[in-house]
Amino acid sequence: MNAILEQVFQIGFFAATLRIATPLIFASLGELISERAGVLNLGIEGIMLLSAMTGFTAAYFTGNLWLGILAAIATGAVMGALHSVFTVVLGLSQHVSGIGVTLFCTGLAYFFYRLIFGQQSSPPTVTAFQPVPIPGLSAIPLVGPVLFNQFALVYLALLGVGLVAFILYRTPWGLGLRMVGENPRAADSAGINVMARRFQAVILGGGLMGVGGAFLTLAQFNAFTFGVISGRGWVAIALVVFGRWDPVRAAGAALLFALIDALQLRLQASGLGHIPYEAFLMLPFVFTIVAMALMSRNAVAPAALLKPFRKEER
């Protein structure tokens with residue numbers, strides 16, 4: 001037990017927690033924006049996978065990691081637009097469309113990766129993002145190495161939480177977005193183009209999901225594999241519910257999930273060989289299931305979530 005505690009209560013453990021939480025923060029913010037507009041995006045898992053592949057491919061051939069991030073954002077936005085066409089414009093089932101987008105994106109990722117890189121014995125790699133210490137702040141005892149010696153994308157994720165909260169609660173666009181997700185008829189009466197606002201939200205959300213996927217291949221790892229997402233998209237949907245559709249709470253839920261994920265990695269390395277490693281791997285997902293069961297009872301979703309809007313229908 002002492003050996004386990006020694007591994008857990010280290011600066012590196014908490015720094016790793018923040019890195020593990022980063023793709024979840026990006027993905028959950030993207031899903032939250034979409035759902036606050038009334039559109040559930042179950043395509044998140046596939047969008048993250050395809051964006052991870054396109055981001056890695058762009059970075060591999062250009063040698064520029066930020067171009068890879070831009071490619072991932074564009075991929076996520078395009079797939080978000082596709083989901084919007086089906087759900088917002090055509091009014092199809094958001095569940096069916098989302099699952100279809102996930103399957104479509106997964107197939108595209110597999111196909112184009114094999115087409116571009118072929119069947120190689122060892123996957124191609126890139127030089128991943130490196131930590132960017134903030135002068136002065138990174139030298140603060142305890143806090144500095146955890147918060148201020150991270151990847152640039154980690155800083156952007158933390159800033160993104162505050163930015164999304166500000167936009168949702170302090171700007172006319174955010175107020176209109178929340179109104180569209182709660183009462184689209186009232187929003188339409190107030191002169192807000194409901195379909196356009198939902199379209200914008202889903203595209204923006206898709207772009208953020210794309211960054212979450214690219215983080216895994218360009219920062220956390222330095223290669224693309226078909227299992228790189230490993231269910232993080234589905235977890236992000238649960239984190240939105242756990243966070244009660246609030247950016248700050250959703251980010252807190254992502255950090256809690258990442259804490260448990262980092263803990264299971266340390267437990268695997270602690271020498272508890274008599275316990276199968278699969279038992280440690282499932283800990284974060286068990287937490288997600290339990291949290292969903294407890295929090296979903298009293299969680300109040302946006303009133304117009306899953307409900308298509310037709311201006312001519314009254």
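Student: In which helix is glutamate 45 placed?
Tutor: Glutamate 45 sits in helix H3. Helices (H or I, at least four residues) and strands (E, at least two) are DSSP runs, numbered from the N terminus. This is a predicted model, where local features need pLDDT of at least 70, side-chain atom pairs count only at pLDDT 80 or more, and totals for chains, interfaces and linings use all residues. Residues are numbered from 1 along each chain as its sequence is written, and side-chain values use heavy atoms, with hydrogens and water left out.

Student: Does glutamate 45 count as buried or exposed?
Tutor: Buried means under 20% relative accessible area, exposed means over 50%, and partly exposed lies in between (1.4 Å probe, protein chains only). Glutamate 45 has 12% relative accessibility, so it counts as buried.

Student: Which residues does glutamate 45 touch?
Tutor: Contact means heavy atoms within 4.5 Å. Leaving aside residues up to four places away in sequence, glutamate 45 touches Thr102, Ile229, Ser230, Gly231, Arg232, Gly233 and Trp234.

Student: How many aromatic pairs does a search of the whole structure find?
Tutor: Rings of Phe, Tyr and Trp (its six-membered ring) pair if their centres lie within 6.5 Å; planes under 30 degrees apart count as stacked, over 60 as edge-to-face and the rest as tilted. The search finds 14 pairs. Take phenylalanine 56 and phenylalanine 117: their ring centres are 5.9 Å apart and their planes stand at 50°, so this pair is tilted. Phenylalanine 56 is in helix H3 (residues 44-62) and phenylalanine 117 in helix H5 (residues 94-117), so the pair ties together parts 61 residues apart in sequence.

Student: What kind of pair do tyrosine 60 and phenylalanine 117 form?
Tutor: An edge-to-face one, 5.2 Å centre to centre with 80° between the planes. Tyrosine 60 is partly exposed at 36%. Phenylalanine 117 is buried at 8%, and phenylalanine 56 is buried at 0%. Ring pairs link these into a cluster of Phe56, Tyr60, Phe61, Tyr110, Tyr113, Phe117, Phe224 and Phe226.

Student: At what angle do the axes of helix H12 and helix H14 cross?
Tutor: Axes are lines fitted to C-alpha atoms, for helices over the stretch in contact, and angles run from 0 to 180 degrees between N-to-C directions. H12 (residues 247-268) and H14 (residues 283-295) come within 8 Å and cross at roughly 150°. That makes H12 roughly antiparallel to H14. Angles under 35 degrees count as roughly parallel, over 145 as roughly antiparallel, 65 to 115 as roughly perpendicular and the rest as oblique.

Student: Which residues make the contact?
Tutor: H12 brings Leu256, Phe257, Ile260, Asp261, Gln264 and Leu267, and H14 brings Leu283, Pro284, Phe285, Phe287 and Thr288.
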